[in-house]
Amino acid sequence: MKKAIVLSFLLITIFSSLTLNCIQIFSKSVLASTNPVSGAADNSYGHTVSGYIRPAFNFSDTQAAAVLSGFRVELEGTGLSSITNEKGYFEIKRVPSNETFVYRISKSGYLERKISNVTATENIEMFQQSSPLDMWAGDVPVKGIQDNSINMIDVVEIAKFFNKTSSDSGFLAIVDFNKDNAVNIADVIVLAKSFNMTSEDYPDYKKFYFVSPKGSDSNNGSINSPFKTLQKAASVLNAGDTCYIREGVYHEVLKPIKSGTEKLPVTFKAVQGENVVLNSCDIVSDWSLYSENVFVANVDQPVTQVFIDGVNTNEARFPNSGNDLFSPETFEITSMNEKEVLSDELSQPKDTFNGGTIWAMVGDRWISQVGKIASSEEGKLLIEGNTWVDNVGKGVGFITGVKAALDKEGEWYYDNGKIYLQLQNSDHPSNHKIEVKTRKWTIDLSSKEYINIKDLNTFGGAANLNQSNHCMLDNLSMEYLSHFTYIASGSSWLRHDWTNINYDGVGVGIFGSYNTVSNCKINWSAGDGITLYGSDNRVENCTVSNCNYSGTDCNPITVHGKGHVITKNTIYNGGRGLVSLNAAKKVLVTYNHCYNAGLMNWDIGGIYAWGAEGEGTEIAYNWIHDIYSDGVYKIGNGVYMDNYCKDFYIHHNVIWNCSYNAFNYSRPSNNIYFYNNTAFNSGDISYSYIPAGTEDTSSGNRMYNNLVGFNIGDFPALEKKNNLKADIMPLCDIENYDFQLTDNVTQAIDSGEVIRGINDNYLGEGPDIGAYEKGGEFWKAGAR
Ligand SMILES: [Ca+2]
Ligand SMILES: [Ca+2]
Ligand SMILES: [Ca+2]
Ligand SMILES: [Ca+2]
């Protein structure tokens with residue numbers, strides 16, 4: 001800036017010494033059409049390339065139209081071009097697909113700019129309105145020629161017309177850069193800003209690179225000469241650049257090297273219509289016969305999961321099991337504590353299971369427990385590494401991690417650089433695609449900002465957004481994110497350390513701020529589907545399913561931290577709950593469709609929190625159903641505010657088919673508000689648990705305006721108002737998720753308590769009872 005001011009004074013000095021009555025040579029403005037002109041009308045093939053262009057100087061609103069219009073964008077060698085309109089917008093239709101062009105941007109008086117290596121594989125907006133392409137003013141045509149340099153020749157031209165206004169004869173509009181109808185000091189400052197620049201000095205901007213399994217890392221990355229690896233692309237991508245990934249399977253981690261910026265994110269995306277898979281497994285093909293039906297191969301990394309022809313297959317185990325991850329075959333445990341496991345079914349010889357791993361669900365089955373087997377004998381295992389002693393007793397379990405358990409087709413066992421695989425009689429590994437998981441991550445955006453990953457599939461690994469900000473995962477299909485049978489941390493509560501995302505059960509692991517996961521399908525994870533730490537992250541329009549088949553404290557969506565938004569997702573099949581909000585603050589959980597919880601554990605909630613100071617966390621406008629728990633009390637609650645929760649608003653949810661309560665709070669609890677929910681086909685709310693010997697400091701809990709198909713009992717510190725019990729729910733069409741009130745429910749109409757910020761936008765005389773206001777919005781939950 002200082003340089004510009006000094007130069008301005010210098011230029012003014014030059015002007016004052018020049019004769020100003022020169023002959024005007026150039027008078028015709030080339031500013032033309034104010035509408036985008038496309039190269040041709042026919043849009044039947046090719047793609048549309050559009051964008052916004054603006055000068056790199058400030059201008060006023062009244063000058064905007066004249067300043068922004070008239071930039072010509074042309075594709076060299078095609079005859080295709082467009083001129084920007086008064087908003088600086090251009091649009092070129094029929095750009096040939098999958099061909100690389102140089103885009104030349106010019107306007108009389110501006111330094112020409114070239115953007116090379118642009119390939120349209122789909123419609124693209126090259127320069128968004130929020131980050132238009134900058135053009136430098138000051139290269140004035142002399143005798144019809146711009147010399148692609150802003151230099152003294154241009155200064156002389158300005159000087160010739162200095163102080164003229166548009167009404168003066170001989171006014172040269174081209175050098176009135178800012179279009180204030182005068183060639184004045186403002187124009188000199190504009191020129192000074194880019195003085196001495198040439199077309200070569202424009203920064204690189206929005207390069208397009210391609211990666212293909214058929215490419216080579218010694219190529220230049222163009223569509224016709226693509227790189228082979230994502231890692232090579234990552235090494236050249238700068239802010240604003242896009243890496244297009246061509247069809248194929250990539251056995252590497254997508255790990256960007258440079259961050260983007262707010263206006264110029266780095267993007268990795270599949271070419272439109274092409275199927276891209278990032279696979280955290282390696283294919284093993286070099287097998288030899290080990291013993292009858294068992295084959296062996298060398299592997300570089302420890303193996304945690306094996307797929308035969310894309311299907312998950314079991315680690316060698318006792319007892320043998322089918323492939324349903326939520327229903328493993330188990331043996332009966334008559335007793336388990338942190339030191340030993342007793343079972344009549346353990347009839348194997350002494351030491352058979354030494355060194356193996358026990359996975360068990362015992363006692364109240366809140367979570368699974370694991371331990372290392374120090375020694376085994378008939379009817380008994382001695383274990384170590386199981387640090388949890390609160391939940392002991394009878395249950396079920398299975399054993400992995402010992403070669404002795406390798407005795408069924410489809411089972412595998414890893415030990416010390418070797419993978420063993422048993423197949424059926426007369427089968428051979430060469431008949432199959434055998435993939436072994438060797439990498440934890442498929443995508444690693446750790447410590448990066450403004451990275452967008454779009455339109456691709458991942459298989460076998462999780463996503464690492466540790467210390468990542470402003471990143472986006474959009475339209476990804478992700479399968480088998482985490483898998484484990486032993487928990488390395490030694491604790492069956494996985495998240496004993498909330499400061500470390502690198503734990504066994506992480507799914508899409510986000511520990512940062514302002515990241516987005518949108519339009520994704522996340523399916524199968526032993527632990528979480530999505531793990532949110534940090535603050536202000538967003539999960540929207542995703543389908544998250546089949547998570548926590550390990551029966552640990554994981555969920556399809558596990559939330560910790562502040563200010564997150566989880567909205568319009570479909571969330572189903574969870575070993576325990578579906579969304580957990582332990583340690584969530586100011587979080588919004590809205591318009592989600594949540595169902596099928598409790599597939600492994602007991603005493604669970606569809607949406608669950610324990611010990612959480614919600615600070616106004618809202619659980620609202622969700623559909624929550626089929627929340628089932630086995631066990632003595634069948635505690636499956638739709639929304640479950642377990643002990644020590646504070647400041648949660650649970651409103652306008654529809655909750656049904658719960659094996660215990662549709663909504664429930666345990667004590668002590670403060671300011672848990674259940675407002676305007678519709679709930680049915682669940683048990684009477686007749687119990688509020690408080691741990692023995694705990695002082696009940698509960699206060700301010702409320703249940704207002706709920707339309708329910710059950711009774712609500714009286715509890716300490718619970719205020720009830722205007723709840724309406726219906727023997728037959730007066731709802732339009734439950735089967736088809738139409739939970740609006742039918743016409744003949746006068747009791748429910750206008751009879752609710754007004755609650756500011758919750759239902760004060762009611763129709764008629766007052767808010768109605770239940771989740772839907774009669775005549776109001778017919779909202780729906782779940783992903784589109
Ligand atoms: Ca020039
Ligand atoms: Ca001017
Ligand atoms: Ca077995
Ligand atoms: Ca009303």
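Is Asp750 buried, partly exposed or exposed? With a relative accessibility of 26%, Asp750 counts as partly exposed, where buried means under 20% relative accessible area, exposed over 50% and partly exposed in between (1.4 Å probe, protein chains only).

This is a predicted model, in which local features need pLDDT of at least 70, side-chain atom pairs count only at pLDDT 80 or more, and totals for chains, interfaces and linings use all residues. Residues are numbered from 1 along each chain as its sequence is written, chains are lettered from A and ligands numbered from 1 in the order in which they are written, and side-chain values use heavy atoms, with hydrogens and water left out.

Donors here are N, O and S atoms within 2.8 Å of the metal (3.2 Å for Na, K and Ca); water is not among the atoms, so sites may look incomplete.

Asp750 is one of the residues that coordinate the calcium ion (ligand 4), alongside Leu763 (O), Gly766 (O), Asp768 (OD) and Glu773 (OE), at 2.2 to 2.4 Å. Along the chain, these donors are spaced D-x12-L-x2-G-x1-D-x4-E.

| Residue | Relative accessibility | Class |
|---|---|---|
| Asp407 | 45% | partly exposed |
| Glu411 | 2% | buried |
| Gly766 | 2% | buried |
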